[in-house]
Amino acid sequence: MTTFWPCTTPEKPGKAALVVIDMQVDFCAPGGWVDQLGEDVSNTRSVIPAVAEALTIARDAGLAVYHTREGHKPDLSDLPANKQWRTRVHGLGIGDEGASGRILVRGEPGFEIVPEVAALPGETVIDKPGKSSFHATDFDDRLKAAGITHLIVIGVTSDCCVQSTFRDGFERGYECVILEDCTAAVETPNHQATMEILKAFGGRWGTVSDLAGFRAAVEALHG
Amino acid sequence: MVEPFAGIAANPYSWPFDGRWSADDSALLILGFQNGMVAALDAEPELAVAARLVSAAQAAGLPVIASRRGRAETLSPVAARRAATGADVGDPIFPPRTPEWQLAEALGLPSDAPVFDHAGDNAFYSTGLETWLRQRAIRNLVLAGLPTEGLLHATQRAANDMGFECIAISDACKGTTEERHTGQLRVTAFGNGLFGTVARSDQIIAALNAS
């Protein structure tokens, strides 16, 4: 399994965490924000079964599971003015009322994780105002407190929050793996460009594997 | 009274988003233009553009900030893995105080330009850069860097999460391949500026020179 983990194998299954990024209604369900922008959610929807499978593997093996959700406080005090402006000009601004409640606002229906891959009791959900799960959150503190050394990062979108979390995880000393078949972007060319950048030179920030590689690596941990 | 500069017809929108930028609230960020990196990427043309940006920014009274990446003294296992792959990794990280680690002299940096040292790609991580900018009420960042998908993107991405209004200068950046350069900047501008905006240097230089 040397090709799955970037550098070393976790000491035990509990040292590895599956991190599921932003599988929210606003990003990957009909009636969510991306759908209301008139963009195609078929790419982000298409990975739901694979993400569910990765969750099953992790839960069965005793890996820690973290979920993230991108969104802002109802008073929008954590929303940068340029982020609000860009999304408004794009068609529907963060904080504005839409078909699934206020866009990317905590507590609204669109902010919730889609039911197919919802968090189970006991799993940690990190609510984040930025793209990176490490920006303005206690994610790093929580991982360190739990003794996590390895991150498997999946979810949406690959070109934005997934690669941001993967690369920031590397920078903070975590061994990071992305499962290519468990992540997607709204636009396929952006997904492909991101994967090529992450795979270059054998993976400068971590490794890129897939569901089958994850299953085998987890079995080896228990072997 | 500081005169505002003209807006930049950037991709995907006229930068900055609210039209407000001047020598009082903006800075030029020059990332990783070190001798070894310029050589590894054959980035002499991009270095020349970065030098023109430095010169124009200085003349217009815009703060010029440089970042320099170097190997940390204690490497994490993952960083050690990367260091061990050495020259094959495309954008090697040089030990501090070696000639390869030094900032390129051709940049013509002002002698009092602040320099931020970092071990990874992101010039904000574990440096005082954000504090430096906030103390001076800087809100707009003009970025140039090597490589595009490395230091430039990681730093612009972090700045964007922090709320800075960013513009990457495409001809003052170079990737480890042309495809990675183009692909990364495409992602930057996606969705009306997911990570900010992109423009060529001539526009920024013209705006600075007109001040």
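## Helix α8 of chain A

In this predicted model, the buried residues of α8(A) pack against elements of both chains: α7 (158-171), β7 (175-184) and β8 (207-209) of chain A, and α5 (148-161) and α6 (178-193) of chain B. Those buried residues are A:Asn190, A:His191, A:Ala193, A:Thr194, A:Ile197 and A:Leu198. Viewed down the helix axis, the buried residues of α8(A) fall within an arc of 165 degrees, so they line one face of the helix.

Helix α8 of chain A covers residues 188-199, twelve residues in total. Just after α8(A), A:Phe201 has a positive phi of about 55 degrees.

## Contact between the chains

Between the two chains, 31 residues of chain A are in contact with 33 residues of chain B. On the side of chain A that touches chain B, α5 (81-90), α7 and α8 each supply at least two residues.

## Nonpolar cores

In soluble globular proteins, nonpolar side chains tend to be buried together. Here the largest nonpolar core has 66 residues, and A:Ala17, A:Ile152 and A:Val153 have the most contacts inside it. Leaving aside residues up to four places away in sequence, A:Val153 touches A:Val19, A:Ile21, A:Val162, A:Thr165, A:Phe166, A:Gly169, A:Cys176 and A:Ile178.

A second, separate core has 60 residues, including B:Ile65, B:Ala144, B:Ala158 and B:Val198.

Note on methods: Residues are numbered from 1 along each chain as its sequence is written. Chains are lettered from A and ligands numbered from 1 in the order in which they are written. This is a predicted model: local features need pLDDT of at least 70, side-chain atom pairs count only at pLDDT 80 or more; totals for chains, interfaces and linings use all residues. Helices (H or I, at least four residues) and strands (E, at least two) are DSSP runs, numbered from the N terminus. The expected span of a helix is 1.5 Å times one less than its number of residues. A residue is buried if 20 or more other C-beta atoms lie within 10 Å of its own, exposed if 12 or fewer, and partly exposed in between; C-beta atoms are placed from the backbone. The arc is that of the directions from the helix axis to the C-beta atoms. Two residues are in contact if their C-beta atoms, placed from the backbone, lie within 7 Å. A nonpolar core is a set of buried Ala, Val, Leu, Ile, Met, Phe, Trp, Tyr and Cys residues joined through C-beta atoms within 7 Å.
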